[in-house]
Amino acid sequence: MVLDRRPVSPHARRYSVVLTPPVELQLDWIRKIQPSARRLLLIYTPQENDWRIEPATRAAARLGMTLVLRPAASPEELPGILDRSGDAADAILGLPDAGVFNRSTARALLLFSYRNRIPLY
């Protein structure tokens, strides 16, 4: 099984089960769960998720949402990014990203979400 849909060589004989829903589906569910959400905070590791940003931005725009992009080169940058992002968004969009969502960052993300009353999706 794989976590994402990164393009695989068309000549490779590989089959996979993708564990990650398309970002369009995630955004659609956020719209249903929290219709007032217009600005979504997206913290991501550029090395891991740069290829997802443009499609996610287009999908969000189609639904009347804006992505507030915050690249994080390393997990150590996360606390500073969160400190500067308190009023920047109505919700947090979580893409599969081991640099942002991991054992060492979970506490900071969940406390930020709780303290600022911003849902984490």
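Guide: A helix here is a DSSP run of H or I that is at least four residues long, and helices are numbered from the N terminus. The model is a predicted one.

Visitor: Why is the contact between Arg58 and Glu54 called a salt bridge?

Guide: The closest N and O atoms of Arg58 and Glu54 are 2.7 Å apart, and the definition asks for a side-chain nitrogen of Lys or Arg within 4 Å of a carboxyl oxygen of Asp or Glu, so the pair qualifies.

Visitor: Which accessibility class does each of these two residues fall into, Arg58 and Glu54?

Guide: Exposed means over 50% relative accessible area, buried means under 20%, and partly exposed is what lies in between. Glu54 has 54%, so it counts as exposed, whereas Arg58 has 43% and is therefore partly exposed.

Visitor: What does the salt bridge between Arg39 and Asp90 tie together?

Guide: The closest N and O atoms of Arg39 and Asp90 are 3.2 Å apart. Arg39 lies in strand β1 and Asp90 in the loop between α3 and β3, so this pair ties together parts that are 51 residues apart in sequence. Arg39, at 33% relative accessibility, counts as partly exposed, and Asp90, at 22%, counts as partly exposed too.

Visitor: How do you know where the buried residues of α4 lie around the helix?

Guide: In helix α4, residues 106–116, the buried residues are Leu109, Phe112 and Ser113. Seen down the axis of α4, these buried residues fall within an arc of 95°, so they line one face of the helix. The face turned away from that buried side carries the exposed residues Arg107, Leu110, Tyr114 and Arg115, while the buried residues pack against β1 (39–44), α3 (78–83) and β3 (91–92).

Conventions:
Residues are numbered from 1 along each chain as its sequence is written. This is a predicted model: local features need pLDDT of at least 70, side-chain atom pairs count only at pLDDT 80 or more; totals for chains, interfaces and linings use all residues. Side-chain values use heavy atoms; hydrogens and water are left out. Buried means under 20% relative accessible area, exposed over 50%, partly exposed in between (1.4 Å probe, protein chains only). Helices (H or I, at least four residues) and strands (E, at least two) are DSSP runs, numbered from the N terminus. The arc is that of the directions from the helix axis to the C-beta atoms. Contact means heavy atoms within 4.5 Å.
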